[in-house]
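Please read this briefing alongside the sequence and the 3D structure shown below.

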Amino acid sequence: MVVVMKPGFTLEQMEQVMRAMQAGGVRVMVSQGAQTTILGAEGDISGLDQGLLGQLPGVEQVMRVSEPYKKANRKFHPDDSVIDLGRGVQVGGRKLAVIAGPCSVESRAQMTGVAQAVQRAGAVAMRGGAYKPRTSPYAFQGKGEEGIALLQEAQRATGMPIVTELMSADQLSLFLETVDVIQIGARNMQNFDLLKKVGRTRKPILLKRGLSATVEEWLMSAEYVLNEGNPNVILCERGIRTFETYTRNTLDLSAVLAVKRLSHLPVVVDPSHACGRAWMVEGMALAAVAAGADGLLIEVHNDPANALCDGAQSVTPQQFEVLMGKLRALADCVGREV
Ligand code: PEP
Ligand code: MN
């Protein structure tokens with residue numbers, strides 16, 4: 001249940017409402033937005049009297065919230081959240097956040113070279129996996145700690161925030177010291193223990209949608225992180241599994257509209273893993289921004305044909321530059337900027 005305060009309410013009125021809610025046995029979350037202040041009830045609401053709360057001075061409206069996610073719910077937090085990645089980069093405002101880089105960190109020349117190239121083209125953060133979730137145990141598993149060190153070198157050359165995937169809590173302390181954004185991969189979207197652990201940090205979390213997760217399951221995973229006290233969650237739509245096999249996954253752009261309506265959290269789209277085909281990345285990246293995405297996550301490789309992971313879906317730095325040129329033109333049409 002949420003209580004929406006009237007414009008111009010007084011502090012005493014708000015405190016009276018909070019006391020009434022607490023007396024009903026719930027904790028109160030206060031969300032002070034630009035336009036509205038909302039008091040959200042957390043916990044068992046059976047002791048709350050909706051009619052009585054609605055009569056209290058300063059109260060505009062009392063609404064029941066049927067969705068199981070609360071902290072991720074736009075009803076509790078009407079304004080868009082803007083997540084700070086550090087190093088002057090934010091996700092969720094007017095400016096689109098483009099995160100780009102190779103699927104996996106392979107070498108110093110590769111990682112730093114690609115990071116510099118995508119930065120020149122307009123990317124604001126770099127990606128690169130050091131710990132890779134691979135379907136086959138025989139496939140390249142990532143360079144681990146050495147990969148993290150190579151990301152740090154690329155950061156020294158570019159100043160961009162590092163986005164990289166955490167697969168196990170064993171690496172959490174290393175990540176807390178070295179990376180700017182922790183990616184939780186699609187395969188770990190419902191690793192609730194991992195979600196709780198990253199929820200106890202303040203690091204921005206890029207939470208990918210699970211392979212066949214519903215929008216509600218995805219938002220519940222975000223709720224796990226938020227509920228531990230970390231408000232810095234960015235959602236990432238990366239395609240879901242359907243009957244279609246032409247593409248690696250099916251990019252669900254309607255989910256971007258859904259989560260923007262249901263939640264205040266920013267959403268970025270990863271057309272690379274969604275399509276699995278490099279030639280589709282530009283078209284779907286533009287479509288994602290037209291649909292309202294707050295940013296993009298794009299795989300870029302200097303030599304896709306010889307990439308150790310996901311070469312088929314990786315665009316070259318030159319193709320990325322062309323994409324960014326088109327994105328600039330489109331951004332203007334949809335009230336965004338690059
Ligand atoms: C990745 O970003 O390289 C990755 C493995 O993504 P996902 O978890 O979406 O498959
Ligand atoms: Mn990949």
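R87 is partly exposed, with a relative accessible area of 49%; buried means under 20% relative accessible area, exposed over 50% and partly exposed in between, with a 1.4 Å probe and protein chains only. This is a predicted model, in which local features need pLDDT of at least 70, side-chain atom pairs count only at pLDDT 80 or more, and totals for chains, interfaces and linings use all residues. Residues are numbered from 1 along each chain as its sequence is written, chains are lettered from A and ligands numbered from 1 in the order in which they are written, and side-chain values use heavy atoms, with hydrogens and water left out.

**Backbone and loops**

- R87 sits in the loop between strand 5 (83–86) and strand 6 (89–91); helices (H or I, at least four residues) and strands (E, at least two) are DSSP runs, numbered from the N terminus.
- The phi angle of R87 is near 55°, a positive value in a residue other than glycine.
- D310 also has a positive phi, near 60°, and is not glycine.
- The loop between strand 14 (295–299) and helix 11 (317–333) holds D310, and D310 is buried at 18% relative accessible area.

**Ligand 1**

- Ligand 1 is surrounded by 13 residues, and the closest are R127, A186, R187, K208 and R238; a residue counts as near if one of its heavy atoms lies within 4 Å.
- An N or O atom in the side chain of R127 is 2.8 Å from an oxygen atom of ligand 1.
- For R187, a side-chain N or O atom is likewise 2.8 Å from an oxygen atom of ligand 1.
- Q183 has a polar side-chain atom 2.9 Å from an oxygen atom of ligand 1.
- Of the 300 Å² of accessible area that ligand 1 has on its own, the protein covers 97%; accessible areas come from the Shrake-Rupley method with a 1.4 Å probe, and for residues only the protein chains shown count as cover.

**Aromatic rings**

- There are two aromatic pairs, where rings of Phe, Tyr and Trp (its six-membered ring) pair if their centres lie within 6.5 Å, and planes under 30 degrees apart count as stacked, over 60 as edge-to-face and the rest as tilted.
- Y131 and F175 form a tilted pair, 5.9 Å centre to centre with 45° between the planes.
- This pair links distant parts of the chain, 44 residues apart: Y131 in the loop between strand 8 (125–127) and helix 4 (145–158), and F175 in helix 5 (residues 172–178).
- Y131 is buried at 15% relative accessible area, and F175 is buried at 0%.
- F192 and Y224 have ring centres 4.6 Å apart and planes at 25°, so they are stacked.
- F192 belongs to helix 6 (residues 192–199) and Y224 to helix 7 (residues 215–227), 32 residues apart.

Notes. A polar contact is a pair of N or O atoms within 3.5 Å; within protein, one must be able to donate a hydrogen and the other to accept it, and residues adjacent in sequence count only if both atoms are side-chain atoms.
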